[in-house]
Amino acid sequence: MGNDEIRTVAAEPYPFELCPRHCALLIIDMQRDFLEPGGFGETLGNDVGQLRRTIEPNRRLLGAWREAGLLAIHTREGHRPDLADLPEAKRVRGHGAKRIGDPGPMGRILVRGEAGHDIIPELYPKAGEPVVDKPGKGAFFATDLHAILQNRGVTQLVVTGVTTEVCVNTTVREANDRGYDCLVLEDCVGSYFPEFHEMGLRMVKAQGGIFGWVGKSADVIGAVRKI
Ligand code: C5J
């Protein structure tokens, strides 16, 4: 089988027709500060175990994706060290004791170049894999992601990462409005709140797939292994 051949992947609300040549894996915000014990997410009282269960399925998927020679793209949420791209509304939201730009357990919180802002070692990008630094929740807002995808002829996205209801959902909605077909993998996305995870996935696939499809990594791995 070649890269142009369609592979049918089990998904809801109906099977996803994956075309490897036109499909990219988009891994959202698998950053140390969100996922690692002792990071910013945990200091806010979140159970990072809810997110860490996604690491192994993502690692297996990324391995198979790379072996098949397909395009993987990583994103990181964060801001310039001078915080010039940080809206005041985002900085003050939540009245938390710790804010973006403050010192955290792994450097300044959500600031580019700091240890906590970087991607976890298990999924670290390889040379040639684009890393998109995004100041917002959606990966298309104020980034060059759309240009990167268009220049590579990508029309489909397999979407993984964290968190299901925030950056994953926002990105899938943005992608949908730009004409991309998105397949979200339920075992490769996670939330600190299981009920939001569940609802986040249901919102994607409701109404005949109003924002896209929901599937499982094993089915995508099976499909790309045939390349
Ligand atoms: C992401 C967040 N990545 N929850 N960020 O979902 O603030």
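Residues are numbered from 1 along each chain as its sequence is written, and side-chain values use heavy atoms, with hydrogens and water left out. Because the model is predicted, local features need pLDDT of at least 70 and side-chain atom pairs count only at pLDDT 80 or more, while totals for chains, interfaces and linings use all residues.

Most residues other than glycine have a negative phi, and most peptide bonds are trans. Against that background, a cis peptide bond joins glutamate 12 and proline 13, with omega about 10°. Proline 13 sits in the loop between strand S2 (11–12) and strand S3 (16–18); here helices (H or I, at least four residues) and strands (E, at least two) are DSSP runs, numbered from the N terminus. Valine 162 and threonine 163 are also joined by a cis peptide bond, with omega about -10°. Threonine 163 is placed in the loop between strand S9 (156–162) and helix H7 (164–177).

Leucine 110 belongs to the loop between strand S7 (107–108) and strand S8 (131–134), whereas alanine 142 belongs to the loop between S8 and helix H6 (145–151). Their surroundings can be described by relative accessible area: buried means under 20%, exposed over 50%, and partly exposed in between (1.4 Å probe, protein chains only). Leucine 110 counts as buried because its relative accessibility is 4%. Alanine 142, at 56% relative accessibility, counts as exposed.

Helix H9 (residues 217–225) comes next. Its residues Ser217, Val220, Ile221, Ala223 and Val224 are buried. Seen down the axis of H9, these buried residues fall within an arc of 160°, so they line one face of the helix; the arc is that of the directions from the helix axis to the C-beta atoms. Ala218 and Arg225, on the other side of H9, are exposed. Among the elements that cover the buried residues of H9 are strand S1 (7–9), S3, helix H4 (55–67), strand S10 (181–190) and strand S11 (213–215), where contact means heavy atoms within 4.5 Å.

Side chains of opposite charge can pair when their charged atoms come close. The structure holds 16 salt bridges, each being a side-chain nitrogen of Lys or Arg within 4 Å of a carboxyl oxygen of Asp or Glu. In one of them, lysine 205 pairs with glutamate 12, and the closest N and O atoms are 3.0 Å apart. This pair links distant parts of the chain, with lysine 205 in helix H8 (residues 194–209) and glutamate 12 in strand S2, 193 residues apart. Glutamate 12, which also takes part in a cis peptide bond, is partly exposed at 42% relative accessible area.

Arginine 52 and glutamate 122 form a salt bridge as well (3.8 Å, N to O). This pair too links distant parts of the chain: arginine 52 is in helix H3 (residues 49–52) and glutamate 122 is in the loop between S7 and S8, 70 residues apart. Arginine 52 is partly exposed at 31%, and glutamate 122 is partly exposed at 34%.

Within helix H4, glutamate 56 and arginine 60 lie four residues apart, about one turn of the helix. An α-helix has 3.6 residues a turn, so residues three or four places apart point the same way. The side chains of glutamate 56 and arginine 60 meet in a salt bridge (3.5 Å, N to O). Glutamate 56 is partly exposed at 33%, and arginine 60 is partly exposed at 43%. A network of salt bridges links Glu56, Arg59 and Arg60.
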